[in-house]
Every structure is written in structure tokens, then in C-alpha cells.
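This briefing goes through one structure by topic, from individual side chains to the contact between its parts. Please look at the sequence and the model before reading on.

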Amino acid sequence: MKKIGLVGGISWVSTLDYYKFINEGVNTRLGGLNAAECMIYSLNFGDIQAKSWVHSFDLLLNACKHLKNSGADSIVLCANTAHLFADELQNTLKLPIIHLGTETARAIQKAGFKKAGLIGTKFTMEMEFYKNKLEEYGLEVLVPENQETRDYIQQTVKDELGVGLINPETKASYISIVEDLVNSGAECIILGCTEIPLLISQDDISVPVFDTTKIHCEAIVEYIVS
């Protein structure tokens, strides 16, 4: 098996899912007592929040270097927003990064959809790094039009989901936001933040949902056992 290095802690709540899904996936493929050989560098999310995502390249690079020096064959960034630096990190480290945006785009393309609604942090929704990856695969990407809505998602991801707080009122608001995207023409919905699947799932949404955490983990498992 190949060894992977996971940059986690962004947030630790969703890193738990990565560890669980990857090990379950490897065991399903190989059986017995087999599980993933992996290392986790768990960042202090408070440090990233203090600097803001756009100024956090050095924190991510330091984590990746530790993982590379520990023998990782590839790097996994356990957050959608962290992929803001994915290409730069890969070029600097000379080590492959299993890109969450690429894997999500491939999954949607394989399913035959052309227009996807995206919810995530405001960085993921507003900046080009993530949408560009999806558009490379011929996808049209819709995000909530209202700035207030995008700010609300950002605030609740950070202050509620990032610390494991599940609020029924927030869930109802997210479902309403998603349905607005569907009414605007979205054929499917991307849960483009690793914390959002803690709150809503396919059972809550009227069109197909793409959970980026699970998609990413499936690609990681495939890499490990290939």
C-alpha cells in the first residue's frame, strides 16, 4: 500500500470522517485487519483563522513538509478551502496531491450533470481556484447570489459546524439555500465544505448531492490500494 499524509485539523471534526472513511474503504477492498498506513498532521484551525485562509500558505507548507519527511507518498488536504494552495504546494513539494476539486468534477461529469450548485466557505464560493477546477470538466457552477447568504454560510461553518455544533435552524436555512440553487437551474448540489455533510445530506435535498468528503476519500482509497 502507498502511504498518505493527511493535513487535518481544518477542522478536526471533519478530519475524523476522513480517517474513518479511508480506513473503512481500505478494509472493504483488502479485508482482514488491513487498514490505511497514514499520517495526520493536525493543524490548529485557530492559527488559520487568525491569519485568514489567504495568508496561510506557510502553515500548510510546513505541515506538508513534515508529512513528506515522514515518508508520505502523497498529500491529502482535508478541506475544500485548503485547495486554494493545492497546485502551489504540489509544485513546491514535488509530491502528488490528491485534489478534491478534480475528483469531485470527475464524479459529477461521470454522472452526466452539466450545471452544479456549490455551497462552501465564502472563499470556495467566491474565489476562482475551486470553480476553475470544476469548469475544466465542462461544468457550469452556481453559487448563492446574495452576499448576505454567502456570509451566513461562512459564519455558521466556522462558529457552529467547525466545533461540532448541529443547529436545527441552521439546517433548515441551508436546505432553503440549496433549494434556491435548484430553482435557479442547478441539476445537482456540491457540498463543498467538509463540515457541511455533518448538517445536511442527500435525504434533505431534492436533486443529487455530491459529498466532497466521501468523493475525496474514495479517490484516496483507490490511490492507496492501486
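Asp204 counts as partly exposed because its relative accessibility is 22%, where buried means under 20% relative accessible area, exposed over 50%, and partly exposed in between, with a 1.4 Å probe and protein chains only. The model is predicted, so that local features need pLDDT of at least 70 and side-chain atom pairs count only at pLDDT 80 or more, whereas totals for chains, interfaces and linings use all residues. Residues are numbered from 1 along each chain as its sequence is written, and side-chain values use heavy atoms, with hydrogens and water left out.

**Salt bridges**

- Asp204 forms a salt bridge with Lys171, with the closest N and O atoms 3.5 Å apart; a salt bridge here is a side-chain nitrogen of Lys or Arg within 4 Å of a carboxyl oxygen of Asp or Glu.
- This pair links distant parts of the chain, since Asp204 lies in the loop between strand 6 (188-192) and strand 7 (209-211) while Lys171 lies in helix 9, 33 residues apart; helices (H or I, at least four residues) and strands (E, at least two) are DSSP runs, numbered from the N terminus.
- Lys171, at 29% relative accessibility, also counts as partly exposed.
- By this rule the count comes to ten salt bridges, and among them is the pair of Arg29 and Glu222, whose side chains meet at 2.9 Å, N to O.
- Arg29 belongs to helix 1 and Glu222 to helix 10, and the pair links distant parts of the chain, 193 residues apart.
- Arg29 is partly exposed with a relative accessible area of 46%, and Glu222 is partly exposed at 40% relative accessibility.
- Lys20 and Glu24 form another salt bridge, with 3.0 Å between the closest N and O atoms; because the two are four residues apart in helix 1, about one helical turn separates them.
- Both ends of that pair count as partly exposed, Lys20 at 42% relative accessibility and Glu24 at 40%.

- Thr170 is placed in helix 9 (residues 168-183), and it counts as buried because its relative accessibility is 2%.
- The side chain of Thr170 makes a polar contact of 2.7 Å with the side chain of Glu160; a polar contact is a pair of N or O atoms within 3.5 Å, where within protein one must be able to donate a hydrogen and the other to accept it, and residues adjacent in sequence count only if both atoms are side-chain atoms.
- Leaving aside residues up to four places away in sequence, Thr170 touches Tyr152, Thr156, Glu160 and Leu199, contact meaning heavy atoms within 4.5 Å.

- The chain is divided into domain 1 (4-99 + 214-225) and domain 2 (101-211), with bounds that come from an automatic or database domain assignment.
- The centres of the two domains, taken over C-alpha atoms, are separated by 21 Å, and the contact takes 21 residues from domain 1 and 24 residues from domain 2.
- About 1,900 Å² is buried between domain 1 and domain 2, of which carbon and sulfur atoms give 61%; buried area is the accessible area (1.4 Å probe) that two parts lose on being put together, summed over both.
- In domain 1, Asn80, His99 and Ile215 lose the most area to domain 2, together 37% of what that side buries.
- Across this interface the rule finds one salt bridge, and it finds twelve residue pairs in polar contact, both at pLDDT 80 or more.
- Helix 1 (12-30) and helix 10 (212-225) are the elements that give two or more residues to the side of domain 1 that touches domain 2, and helix 1 gives the largest share, four residues.

**Backbone geometry**

- Most residues other than glycine have a negative phi, and most peptide bonds are trans.
- The peptide bond from Ile10 to Ser11 is cis, with omega near 5 degrees, and Ser11 is found in the loop between strand 1 (4-8) and helix 1.
- Ser52 has a positive phi of about 80 degrees although it is not a glycine, and its place is in the loop between helix 2 (45-51) and helix 3 (57-69).
- Lys94, also a residue other than glycine, has a positive phi near 55 degrees; Lys94 lies in the loop between helix 4 (86-93) and helix 5 (100-111) and is exposed, with a relative accessible area of 70%.
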